[in-house]
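Q: I'm new to this one, so could you walk me through its pockets and the aromatic rings, slowly and in plain words?

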Amino acid sequence: MAKISLVLILFLWNYQGVAQDQFIDRNGVVIFEASEELFEEVKAINSTATAVYDAETNELASLTLVRAFEFKNSLMQEHFNESYAESDQFPKAIFRGALKNFDLVGLPSAGGEVQLEGTLDFHGKVKKIQTVVNAQLVNDVLSLLGNFTVSPADFDIEIPRIVRNQIAKEVQVKFDFKLKRK
């Protein structure tokens, strides 16, 4: 499967003359939650993810700057960036994939579900992702809403014993992209 490269993402981000079959969102929302009941909420929101969709190939790529995740607790945010995600060394989370058996033209006006398959590159490790996405096209804006589950172990992130029972073994990742036709 051909993949959208970071060069293409940056090109589409900066180029105003993108073809009609390209969609882009520069303010996509990615949320992750690793909370355990009875403990402080472990949740962060990033509202600056860039996503690009190519309707010709059905490829989807997303670039999320790790430091842009915001926590309610600033100390938790600092620990996340310095000790867990190591944001200085691994500044980006990159998803590359494709919507399977998806026909943008045939998408019902109420939207529909479509299979998304690809890889998530985070913390220097790559994990395969398969999930179902809700897709809807309204006024040249393609809305893609979905979620998937990963674990810190998938990305070789070690949780210190002292806080291990306060952080979920499975992390819920949600995304909401509103891609505008270019």
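A: About 160 Å³ lies in the second largest pocket. Before going on, a word on where this comes from. This is a predicted model, in which local features need pLDDT of at least 70 and side-chain atom pairs count only at pLDDT 80 or more, while totals for chains, interfaces and linings use all residues. Residues are numbered from 1 along each chain as its sequence is written, and side-chain values use heavy atoms, with hydrogens and water left out.

A pocket here is an open set of points on a 1 Å grid over the protein atoms alone, where a 1.4 Å probe fits, with protein on both sides within 12 Å along at least five of seven lines; lining residues have an atom within 4 Å of a point. Grid points are joined across faces, edges and corners, and a volume is the space filled by probe spheres set on the points.

Back to that second largest pocket: its lining includes Asp25, Arg26, Asp176 and Lys178. Strand 1 gives the largest share, 5 residues, and strand 9 also supplies at least two. (Strands are DSSP runs of E, at least two residues, and helices are runs of H or I, at least four, numbered from the N terminus.) By class, this lining has 2 nonpolar, 1 polar and 6 charged residues. Ala, Val, Leu, Ile, Met, Phe, Trp, Tyr, Cys and Pro count as nonpolar, Asp, Glu, Lys and Arg as charged, and the others, Gly among them, as polar.

Now the largest pocket, with a volume of about 830 Å³. Of its 38 lining residues, Phe32, Ala34, Phe71, Phe80 and Val171 are the closest to its centre. Elements that give two or more residues to this lining include strand 1 (22-35), helix 2 (74-84) and strand 9 (167-181). Its residues divide into 31 nonpolar, 6 polar and 1 charged.

Some of those names come back among the rings: Phe32, Phe69, Phe71 and Phe80 form one aromatic cluster. Rings of Phe, Tyr and Trp (its six-membered ring) pair if their centres lie within 6.5 Å, and planes under 30 degrees apart count as stacked, over 60 as edge-to-face and the rest as tilted. The count comes to 10 aromatic pairs. Phe23 and Tyr53 make a tilted one, 5.9 Å centre to centre with 50° between the planes. Both are buried, meaning under 20% relative accessible area with a 1.4 Å probe, protein chains only. Phe122 and Phe155 pair edge-to-face, at 5.4 Å and 80°. Phe122 lies in strand 6 and Phe155 in the loop between strand 8 and strand 9, so this pair ties together parts 33 residues apart in sequence.

Terms used. Buried means under 20% relative accessible area, exposed over 50%, partly exposed in between (1.4 Å probe, protein chains only).
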